[in-house]
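Colleague: I would like to go through how to read helix packing, an interface and salt bridges in a model. Could you take them one at a time?

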Amino acid sequence: MKKECQKQSGLDILLRGIIKENPVLVLVLGTCPSMATSTSVSTAVGMGLAATMVLLCSNMLISLLRKVIPDTVRIPCYIVVIAGFVTVVQMLVQAYFKDLYDSLGVFLPLIVVNCIILGRAEMFASKNGVFHSALDGLGMGLGFTLTLTVMGTIREVLGSGSFAGHELPFFSEYNIPILSQSPGGFFVFGCLIALVAKLTHGRVKHEATGCGACPHRTVCGKLGKEA
Amino acid sequence: MTATKKSSLVAPVVVLTVIAFAIAAILAFVNDLTAPVIQAQEEAAAQAALLEVMPDGTDFTDVTGLELPENVVKIQQAGNGAGYVFTTYGKGFGGNIQVMVGIDPEGAITGTKVLTHGESAGISDPVVGDGSEFQQQLPGVTDVSEIEAVSGATKSSNGMIAAIEAAFDALALVNAE
């Protein structure tokens, strides 16, 4: 496992979060905030960037502390670190980006329990160096932001006929309101998962069951050994 | 007890405590920076909302000493006699809709603004949105029977009407004092 980690180039770590191991569409983490905040482009981008910020900072700090934190209390330590950064981001957003704060509502503090962030802390940052962890956080965060932006664009343009709050000429007359509701969110989500599966088809081999079917298999130390 | 066993008991406690203290210190620092900004913003927002429902009003003060009806949250009086602003709520489709209603001394509505609501996004926009179709008909209204519901958002409209009715009831209460 150690050798494999060293072989991974920085660029590969950064880029794989965007499509190949996209946290929302391939790892299927963070589904709840993706549904809730992708009704418009501006909230989607805001949510994505806030989560990226937290992910980057928490990955770096957890990677720095990985030798200090005892195994038995690692999850509480991660949660404290993550919750700390989320609260910092929340206070900054509330103070300087009031509109974004209002539209994100409860989903901003809920970044604490966003599985992408805890997932990356447990799967990657606790086993890798600071630089690679930072790249991983950035890549995963950008993947999350990109997915939210795409979902937000589809749902806002087709659902409410506007883009980032500006009305579009044709779409505002013929919109599909259900797309801005939760069923429409699931519909768009499913379509995007299908699209990404098609794009990565052949390159990402999936086995039906066991460790081989797990999206985390490349970073998990138990590769090949059934847990 | 051997030394290693002891350290495996103590280390987790120490590490978690130190991390928690460090994070708490960072939070205290950031809070110090942002708290004044947030407070100033909230005051400005509250003031802006008051002016939106009662453009002629100045020097708003809270009306105290009244026993408020259940669905009236707050009553504020304009210092220059432009009227009262009532913060009330009514039950809509997705829970309570909280509304600010400005009423002038003649008992006519000067303006309304929805503060919080849980109505379906999109569907309820013609009722709860700022400057919506439903709220455009409200200025000048003196009785809830003059208000027309918006079709397609009847439940939201009824919630708003209930909130406005509460404001009129509260006005009667204030005038009776």
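Predicted model: local features only at pLDDT ≥ 70, side-chain atom pairs only at ≥ 80, totals over all residues.

Colleague: At what angle do helix H4 and helix H7 of chain A pack?

Modeller: H4 (residues 41-64) and H7 (residues 115-125) of chain A pack at about 30°, and their axes lie 10 Å apart. Angles under 35 degrees count as roughly parallel, so H4(A) is roughly parallel to H7(A). The crossing of H4(A) past H7(A) is right-handed.

Colleague: Which residues of H4(A) and H7(A) meet?

Modeller: H4(A) contributes Ala51(A), Val54(A), Leu55(A), Ser58(A), Asn59(A), Ile62(A) and Ser63(A). From H7(A) come Ile116(A), Ile117(A), Arg120(A), Ala121(A) and Ala125(A). The residues of this contact comprise eight nonpolar, three polar and one charged.

Colleague: How is the size of an interface given?

Modeller: Often as the accessible area lost when the parts come together. Between chain B and chain A about 1,600 Å² is buried, with carbon and sulfur atoms giving 79% of that area. Chain B supplies 19 residues to the contact and chain A supplies 20.

Colleague: How many salt bridges does the rule find across the interface of chain B and chain A?

Modeller: In general, side chains of opposite charge can pair when their charged atoms come close. Across this interface the rule finds zero salt bridges, while the count over all chains is seven.

Colleague: Which residue forms a salt bridge with Asp136(A)?

Modeller: Arg16(A) does, with the closest N and O atoms 3.1 Å apart. This pair links distant parts of the chain: Asp136(A) belongs to helix H8 (residues 130-160) of chain A and Arg16(A) to helix H2 (residues 10-16) of chain A, 120 residues apart.

Terms used. Residues numbered from 1 in each chain as written. Chains lettered and ligands numbered in written order. Heavy atoms only, no water. Axes fitted to C-alpha atoms, helices over the stretch in contact; angles between N-to-C directions. Helix = DSSP H or I, 4+ residues; strand = E, 2+ residues; numbered from the N terminus. Parallel < 35°, antiparallel > 145°, perpendicular 65-115°, else oblique. Left-handed = near helix turned anticlockwise from the far one by under 90°. Contact = heavy atoms within 4.5 Å. Nonpolar A, V, L, I, M, F, W, Y, C, P; charged D, E, K, R; others polar. Buried area = accessible area lost by both parts, 1.4 Å probe. Salt bridge = Lys/Arg side-chain N within 4 Å of Asp/Glu carboxyl O.
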